[in-house]
Amino acid sequence: MNDIDTTTADTTSADTTPKRLGVIGSGDIGSGIARLAIAAGYEVVIANSRGPESLADLVAELGPRARAGDARDAVEFGPTPVLAVPLGAYESLPRDAFAGRAVLSTGNYYPHRDGRIARLDSLEVTTAELEQELLPGAVITKAFNNILFHHIPALADSTPRTALPVFGDDERATAAVSAIVDDLGFEPLDAGTLAESWRTEPESGAYTPIYAADPEALAADHLTAVAAPVTVARLRQLLSASQRADVAARRF
């Protein structure tokens, strides 16, 4: 396993030097994480495929501790970048910049968006394992992939505290990503390896419906469904009982 770059992981002064987070992807998940990071005292660089100019409004909303950059800027800004982009965008990423870095990946496989990927349909690999292959120098760690974008701000700092699963093959990378999850207002739960991350993939038993107060309301309109906290104990039960989805049959 690659050595993890932690040279900038800790602040030099506990109270005066903000933590840094680079976010690649400015969609609902990426921008939602960026907002929570700013609220938690981070400095943020955010990037997307359309270029920094397209992020002017979002950066203005985020405030003076945020700026736009390209993907390389975001990767190199902090020790543990967030990757919130479709699988098809991986080929355009600056792969060398990820070398030795823990990466918080929020991604899922959606055939209607990504096209059919035979190795995922056949269950040969999980999405996270494929992401690791696509970024071989990085250390992929999975989080925030099993919660709806509007449930992220709704459940941050909830009472009781909402648990989010973290999957990874490297203990240091898992710890780094878990620290970010904690800073953003959630209780991180080490849920296992990348090979086990199918437990929170779409249509599994620990996907987005677990954070809905009313599953029927979620099915009727996921954009208006009210969120409800999930404790660590409950999340452990859900992960244990989760069954792997028939990915080849997935339709959206």
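This is a predicted model: local features need pLDDT of at least 70, side-chain atom pairs count only at pLDDT 80 or more; totals for chains, interfaces and linings use all residues.

Start with G41: this residue, just after α1, has a positive phi of about 95 degrees. Numbering runs from 1 along each chain as its sequence is written.

Now step back and select residues 28–39, which is α1. Helices here are DSSP runs of H or I with at least four residues, and strands are runs of E with at least two, numbered from the N terminus. How many of the 12 residues of α1 are buried? Nine are, where buried means under 20% relative accessible area with a 1.4 Å probe, protein chains only. Among them are I29, G30 and I33. Show β1 (20–24), β2 (43–47) and α7 (151–155) too: they are among the elements covering those buried residues.

Next, pick L21, V44, F144 and F186. These have the most contacts inside the largest nonpolar core, which has 45 residues. Such a core is a set of buried Ala, Val, Leu, Ile, Met, Phe, Trp, Tyr and Cys residues joined through side-chain atoms within 4.5 Å. Its largest share, six residues, comes from α1.

Stay on L21. Leaving aside neighbours within four places in sequence, L21 is in contact (heavy atoms within 4.5 Å) with residues including I33, A37, F77 and I180.

Note on methods: Side-chain values use heavy atoms; hydrogens and water are left out. The expected span of a helix is 1.5 Å times one less than its number of residues. Buried means under 20% relative accessible area, exposed over 50%, partly exposed in between (1.4 Å probe, protein chains only).
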